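The following paragraphs walk through one model, from selected residues out to the whole chain and back to the ligands. Please keep the sequence and the coordinates open while reading.

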Amino acid sequence: MSTTPVTVTVTGAAGQIGYALLFRIASGQLLGADVPVKLNLLEIPQGMKAAEGTAMELDDCAFPLLAGIDIHDDAAAAFDGVNVGLLVGARPRGAGMERGDLLAANGGIFGPQGAAINAGAADDVRILVVGNPANTNALIASAHAPDVPAERFNAMMRLDHNRALAQLAAKTGSSVAEVKRVAIWGNHSAKQYPDIAHATIAGRPAPEVVGDSAWVTDTFIPTVAKRGAAIIEARGASSAASAANAAIEHVHDWVNGTPEGDWTSVAMPSDGSYGVPEGLISSFPAVSRDGRWEIVQGLDIAADARAGIDVSVAELAEERDAVKEFGLL
Ligand code: NAD
Ligand code: LMR
């Protein structure tokens, strides 16, 4: 077992994703069963008491890997020395709030958090933004952290990726483990583009195994893209355990690598690949090697996929332009 604990900062720690996330981090599922972790919890003042309660429960688990817990309502303290930051806390859309209001409200959170990361983070820091609108919040945080390489800021698409795996497995009577190389492109929104063109199921091309292109267009794509809303409708609250699970898997693979022969979906700053404007934090199929994401290159993009990707990327560009107008970039 290594001895120096990895500092993991979780924002929105008293929220529902936080509650589903913290115990798994402390048990070793984020970074590995031999990696001690120190948890820094960040909340707003109203969330501090509940965060303290969660910290008491973490203590009561007596996790051998948990080297300590600190609770903060100050971003500078919470991100001091951070190695892995999970930015979950965000401002939910309130009644009568327009999209622009939501972007501006979240800019007020992710700008200062980006600055705190810039000031105090460890050299190897990795940041995963979960709080919505995740891609644009990540862009804002990164813009306020000019000394941190932009590639260290990701937004979470792993939940969308996992939703796609589950839908494909169910449709084809396969196990999830047999489904490989699904891709989600673009924004974590209903305009994302879930893509099975390059996927395989038990080694065979997924489109051939599915054998029903209308199902892909009319059922699969909208089901995956609108799954977040469907969960809210069913549960009366947005996805929490599945979101926490996806965050764990994203960071685990970022640090430890993706399995040979497969890839995952990651929103990271575009390098211009696949015609996505440079700098937008957009989802691509990606593999992790030596602790860094690499966009999977050389995929043929058919006309329907091109159109779907373009719609999603246009939405990201609109969000970027809106927050630029608010002076957040
Ligand atoms: P929640 O309302 O249960 O918890 C959010 C917590 O964040 C609250 O405890 C709140 O006090 C805290 N918070 C608010 N502002 C903060 C700030 N400035 N600093 C620190 N903490 C702050 O919400 P949740 O269900 O845990 O969801 C959190 C976010 O994750 C939401 O934006 C949700 O839409 C998003 N989400 C994203 C995905 C994804 O796939 N990317 C999936 C599910 C949910
Ligand atoms: C999800 O995909 O489950 C969430 O992003 C939905 C939401 O709006 O919180």
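**From a glycine to the whole chain**

Leaving aside residues up to four places away in sequence, G18 touches V10, G12, A13 and V88; two residues are in contact if their C-beta atoms, placed from the backbone, lie within 7 Å. The model is predicted, so local features need pLDDT of at least 70 and side-chain atom pairs count only at pLDDT 80 or more, while totals for chains, interfaces and linings use all residues. Residues are numbered from 1 along each chain as its sequence is written, and chains are lettered from A and ligands numbered from 1 in the order in which they are written.

G18 belongs to helix α1; helices (H or I, at least four residues) and strands (E, at least two) are DSSP runs numbered from the N terminus. G18 counts as buried because it has 25 C-beta neighbours inside 10 Å. The term buried applies when 20 or more other C-beta atoms lie within 10 Å of a residue's own, exposed when there are 12 or fewer, and partly exposed in between, with C-beta atoms placed from the backbone.

A14 sits in the loop between β1 (6–11) and α1. A14 is also buried, since 24 other C-beta atoms lie within 10 Å. Its contacts, not counting residues up to four places away in sequence, are E43, G47, A50, A51 and T54. UniProt positions are given in the numbering used here, feature names are shortened, and annotations may be inferred rather than shown by experiment.

How many helices and strands does the chain have? There are 11 helices and 14 strands. The chain has a radius of gyration of 19 Å, close to the 20 Å that the globule rule gives for 329 residues, so it is as compact as a globular protein of that length. Here the radius is taken over C-alpha atoms, and the rule is 2.2 Å times the number of residues to the power 0.38. The C-alpha trace spans about 55 × 45 × 40 Å along its principal axes. Of the 329 residues, 47% are buried. Among contacts with a separation of 6 or more, 72% join residues 24 or more positions apart.

The chain is divided into domain 1 (6–155) and domain 2 (158–319), with bounds from an automatic or database domain assignment. Their contact takes 26 residues from domain 1 and 23 residues from domain 2. On the domain 1 side, α1 (16–26), β4 (84–87), β5 (126–129), α5 (134–143) and β6 (153–155) each supply at least two residues. That side has 17 nonpolar, 6 polar and 3 charged residues, where Ala, Val, Leu, Ile, Met, Phe, Trp, Tyr, Cys and Pro count as nonpolar, Asp, Glu, Lys and Arg as charged, and the others, Gly among them, as polar. The C-alpha centres of the two domains lie 24 Å apart.

A record-based span can be set beside this division. UniProt (unreviewed entry) lists residues 7–146 as "domain: Lactate/malate dehydrogenase N-terminal". The end C-alpha atoms of residues 7–146 are 21 Å apart, and the span is 44% helix and 19% strand.

The shell holds 27 residues, of which G12, G15, I17, G47 and G89 are the closest; a residue is near a molecule if its C-beta atom, placed from the backbone, lies within 6 Å of it. By class the shell around ligand 1 divides into 14 nonpolar, 12 polar and 1 charged. Helix α1 gives the largest share of this shell, 3 residues.

Ligand 2 is surrounded by N132, L159, G228, I231, S238 and S239. Its shell has 2 nonpolar, 4 polar and no charged residues.

The UniProt "active site" annotation (unreviewed entry) covers H188. H188 is placed in the loop between β8 (183–185) and β9 (193–195). H188 is buried because 30 other C-beta atoms lie within 10 Å. Not counting residues up to four places away in sequence, H188 touches A134, N135, A155, M156, M157, D160 and A267.
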